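Please keep the sequence and the model at hand while going through the points below.

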2 protein chains.
Amino acid sequence: MDTPFHNVAIVGLGLIGSSIARAVHERLPATRLSGFDLDPAVRERARALALVDRVAETAAEAAQRADLVILCVPVGAMAAAAEAVASGLSSEALLSDVGSCKAFVAEELRRALPEARIVPAHPVAGTENSGPDAGFAALFQGRWCILTPEEDADPKDVARLAAFWTALGARVERMDARHHDVVLAVTSHLPHLIAFTIVGTASDLERVTEGEVIKYSAGGFRDFTRIAASNPAMWRDIFLTNKEAVLAMLRQFNADLAGLEQAIVAEDGPALFDLFTRTAAIRRGIVEQGQDVGKPDFGRGGG
Amino acid sequence: MDTPFHNVAIVGLGLIGSSIARAVHERLPATRLSGFDLDPAVRERARALALVDRVAETAAEAAQRADLVILCVPVGAMAAAAEAVASGLSSEALLSDVGSCKAFVAEELRRALPEARIVPAHPVAGTENSGPDAGFAALFQGRWCILTPEEDADPKDVARLAAFWTALGARVERMDARHHDVVLAVTSHLPHLIAFTIVGTASDLERVTEGEVIKYSAGGFRDFTRIAASNPAMWRDIFLTNKEAVLAMLRQFNADLAGLEQAIVAEDGPALFDLFTRTAAIRRGIVEQGQDVGKPDFGRGGG
């Protein structure tokens with residue numbers, strides 16, 4: 001495959017940034033990589049892991065000579081990261097990101113870098129782990145990467161970025177930034193909000209100890225604890241920057257939950273059975289379309 | 001290991017019943033097994049799979065000569081199952097079950113069989129799949145099985161049942177039935193209620209299509225779809241028979257969710273960060289105590 005970019009700079013070397021680095025090494029070996037992270041310990045770890053060809057001491061230095069700069073920081077830190085790369089960014093370079101909220105990030109990047117070539121992106125992939133050791137090359141394999149270019153973006157830039165993500169194993173979709181934010185509010189942000197809440201609820205009960213919650217978590221609760229163990233700063237920023245869409249989804253969820261509560265109060269068995277039958281279908285769709293493993297219990301087995 | 005029971009009858013040959021049968025074959029080979037299921041197709045399948053030594057044509061016939069009879073049916077069907085075994089049950093036989101709600105089931109069993117030796121039990125294990133083909137011998141390995149004997153239960157019966165579940169690989173705990181129901185309302189019933197709700201919410205939206213929900217489900221949503229694909233009849237019965245504890249937990253969850261919503265509205269970053277940091281600790285406890293795999297993303301990997 002042609003190399004869509006010759007020099008890629010990754011700013012932020014956590015789970016996503018370090019996964020991009022590993023995937024580029026594996027799938028685009030001709031591409032040179034530079035990297036930077038605000039945390040000196042992460043830069044040191046990145047050197048030890050040889051994540052990139054060159055770990056820079058500033059974001060601007062990482063961006064020098066890059067034809068693609070990807071900001072892989074929490075969405076609340078995007079503006080600062082964009083300002084930090086500014087002095088190193090060539091006028092030919094494409095600037096992109098991996099943030100989970102696209103309307104807010106697009107505005108922030110445009111304000112920080114009014115003249116830059118910008119195509120925001122969001123690879124819908126991740127794990128509950130954080131940091132440079134948590135990344136792996138196959139993270140984006142079979143997952144969707146959503147590009148949200150503004151209307152006046154250069155189609156060539158969009159095509160090159162799409163080729164880049166395709167090379168890393170992702171499937172690429174293009175979407176309006178605001179619609180992206182509504183879609184992700186359902187498929188990612190609301191599930192995380194709910195998971196954080198229920199794990200908090202369970203750990204604060206008077207009648208049930210935390211030890212009991214842990215022991216009997218295999219009844220379902222443990223599934224929620226995985227995503228409730230995700231990076232706190234990243235998720236704080238997502239809820240603050242996709243506030244409107246998240247609150248709208250939450251209102252819908254609350255209404256539906258109140259309906260289910262009412263069915264329990266009224267002992268309306270048929271209503272419960274009907275909902276529980278419908279919800280199985282969407283699981284089948286997800287497995288059939290390769291967005292989850294089909295094995296029971298995520299393949300965890302009995303041990 | 002000594003065989004705690006010589007003849008075990010399993011009434012209901014779905015995920016749990018067929019897993020018990022497989023585990024007994026593997027770990028207690030001297031124990032004879034009989035089985036029954038109300039569904040003729042399941043009985044036929046049980047014969048084809050050789051799940052038990054003898055598939056009976058009635059529950060009472062399955063219970064004949066058994067020194068342990070385990071009812072593995074949805075909790076709403078326990079009373080009928082207990083009545084159905086009555087005429088075959090020897091006065092020496094121990095009757096048990098695997099239901100997720102213990103106070104309700106204990107009452108139902110006692111009413112149906114006033115003179116029987118009864119020790120209710122609940123193995124906290126399962127997958128989203130149902131039916132005789134879904135079971136596997138390792139399902140109970142390392143999981144907890146909670147016994148909820150009444151105060152006047154014969155300690156020898158409790159000890160024998162504990163030995164049986166230990167032989168199948170489970171860890172055994174004894175608990176008051178009402179306390180069990182509160183604990184399971186948190187660790188199992190509320191998580192399922194939330195998962196059923198959010199999957200229903202996502203599939204009913206106007207602004208986001210079901211196709212989009214499926215495509216971008218790897219952002220977190222897909223985790224909820226697994227438990228929302230569980231057996232509808234079983235879960236309907238659980239919510240109807242553990243109503244009080246479930247509604248109490250739901251009130252607590254709603255209050256906590258309203259607090260989080262308020263933090264988002266007020267853009268209170270520190271409050272969000274604080275909660276999201278606390279919730280990671282409980283995940284570590286679950287992994288350390290062997291109640292979930294420690295691999296990122298449940299070990300699903302990138303594909």
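**Overview**

Chain A is divided into domain 1 (7-175) and domain 2 (179-290), with bounds that come from an automatic or database domain assignment. This is a predicted model, in which local features need pLDDT of at least 70, side-chain atom pairs count only at pLDDT 80 or more, and totals for chains, interfaces and linings use all residues. Residues are numbered from 1 along each chain as its sequence is written, while chains are lettered from A and ligands numbered from 1 in the order in which they are written.

**The two domains of chain A**

- The centres of domain 1 of chain A and domain 2 of chain A, taken over C-alpha atoms, are separated by 30 Å.
- Between these domains, 15 residues of domain 1 of chain A are in contact with 18 residues of domain 2 of chain A; two residues are in contact if their C-beta atoms, placed from the backbone, lie within 7 Å.
- On the side of domain 1 of chain A that touches domain 2 of chain A, the largest share, 3 residues, comes from α5(A). Helices (H or I, at least four residues) and strands (E, at least two) are DSSP runs, numbered from the N terminus.
- By class, that side of domain 1 of chain A has 7 nonpolar, 6 polar and 2 charged residues. Ala, Val, Leu, Ile, Met, Phe, Trp, Tyr, Cys and Pro count as nonpolar, Asp, Glu, Lys and Arg as charged, and the others, Gly among them, as polar.

**The sheet of chain A**

- In chain A, 6 strands form an open sheet in the order β3-β2-β1-β4-β5-β6, with parallel pairing; two strands pair if DSSP finds at least two bridges between them.
- The edges are held by β3 (54-55) and β6 (117-118) of chain A, each of which has a single partner strand, so one side of each is left without a neighbour in the sheet.
- Strand β2 (residues 32-36) of chain A pairs with β3(A) in the parallel sense over 2 bridges, and Ser34(A) stands opposite Arg54(A) in β3(A).
- Helix α4 (residues 78-85) of chain A packs on the sheet and touches β1 (7-11), β4 (68-71) and β5 (94-97) of chain A. The direction of α4 makes about 150° with that of β4(A), where axes are lines fitted to C-alpha atoms, for helices over the stretch in contact, and angles run from 0 to 180 degrees between N-to-C directions.
- Strand β4(A) pairs in the parallel sense with β1(A) over 4 bridges, and Leu71(A) in β4(A) is the bridge partner of Val11(A).
- Strands β4(A) and β5(A) also run parallel, joined by 4 bridges, with Leu68(A) opposite Leu94(A) in β5(A).
- Both faces of β4(A) are covered, with Leu68(A) and Ile70(A) buried on one side and Val69(A) and Leu71(A) buried on the other. A residue is buried if 20 or more other C-beta atoms lie within 10 Å of its own, exposed if 12 or fewer, and partly exposed in between, with C-beta atoms placed from the backbone.

**Helix α5 of chain A**

- Helix α5 (residues 102-112) of chain A has the buried residues Lys102(A), Ala103(A), Phe104(A), Val105(A), Ala106(A), Glu108(A) and Leu109(A).
- These buried residues of α5(A) pack against α4, β5, β6, β7 (121-123), α7 (177-203) and α10 (232-241) of chain A.

**How chains A and B are related and meet**

- Chain A is superposed on chain B by a rotation of 180° with 0.0 Å of shift along its axis (RMSD 0.0 Å). The two copies are thus related as by a two-fold rotation axis; the superposition is by least squares on the C-alpha atoms of residues with pLDDT of at least 70 in both.
- The same surface serves both copies, as 99% of the contact residues of chain A recur in chain B.
- In all, 99 residues of chain A are in contact with 98 residues of chain B.
- Two or more residues on the side of chain A that touches chain B come from each of α7, α8 (210-215), α9 (221-227), α10, α11 (243-265) and α12 (269-288) of chain A, and the largest share, 19 residues, comes from α7(A).
- That side of chain A divides into 54 nonpolar, 26 polar and 19 charged residues.
- Tyr216(A) lies in the loop between α8 and α9 of chain A and is buried, with 26 other C-beta atoms within 10 Å.
- Leaving aside its neighbours within four places in sequence, Tyr216(A) is in contact with Val124(B), Trp144(B), Val183(B), Leu184(B) and Thr187(B).
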